[in-house]
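Have the model open as you read.

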Amino acid sequence: MSAAWLDLTRRRIPNWLCGLTAIAGLAVAGMLGGFGGLGSHALHMIFALLGGMGLFALGGFGGGDAKFYAAAASWFGLGQSVLLLICVALSGLLLLIGWVGYRRVRGLPLRRTKDAPFDGLPYGVAIAAGAIAASLI
């Protein structure tokens, strides 16, 4: 939730918060699932980070979003990767619909400009909401 709030208000997700989230997820996985659980969660985190960095390189994702998604993935085993991805994507779609509607009503541009770099979609909100939804399923 902290990462979502920081992304919404500052458009930044601190590295220390992503790191703490990842360490906590892996620690819980290790305690509950032993080395097998830890390995599954760690692999999911690595694959999520690689995918996020790929999207970042293509300009489709922020660097903080990529790291935060990987940190959230550390809380889910490899077998739950599709569930997390779908929940985050659906949360992102709902966020996008609300964000576009809000910006249209306010007469604001839909794209980030040099004059207003703060206006990007705060996708950390969708990552947090999707991770919470996936954990409840």
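## Helix 1 against helix 5

At roughly what angle do the axes of helix 1 and helix 5 cross? In this predicted model, helix 1 (residues 2-10) and helix 5 (residues 123-136) cross at roughly 160°, and their axes come within 7 Å. Helices here are DSSP runs (H or I, at least four residues), numbered from the N terminus; axes are lines fitted to C-alpha atoms over the stretch in contact, with angles from 0 to 180 degrees between N-to-C directions. The two helices are therefore roughly antiparallel (over 145 degrees).

The crossing is left-handed, as the near helix is turned anticlockwise from the far one by less than a right angle. Ala4, Asp7 and Leu8 of helix 1 meet Tyr123, Gly124, Val125 and Ala128 of helix 5 (heavy atoms within 4.5 Å). That set splits into 5 nonpolar, 1 polar and 1 charged, with Gly counted as polar.

## The second largest pocket

This pocket holds about 210 Å³, the space filled by probe spheres set on its grid points. A pocket is an open set of points on a 1 Å grid where a 1.4 Å probe fits, with protein on both sides within 12 Å along at least five of seven lines; lining residues have an atom within 4 Å of a point.

Of its 13 lining residues, Met1, Thr21, Phe68, Ala128 and Ala131 sit closest to the centre. Helix 5 gives the largest share, 4 residues. The lining has 10 nonpolar, 3 polar and no charged residues.

## Ground rules

Residues are numbered from 1 along each chain as its sequence is written, and side-chain values use heavy atoms, leaving out hydrogens and water. Local features need pLDDT of at least 70 and side-chain atom pairs 80 or more, while totals for chains, interfaces and linings use all residues.

Note on methods: Parallel < 35°, antiparallel > 145°, perpendicular 65-115°, else oblique.
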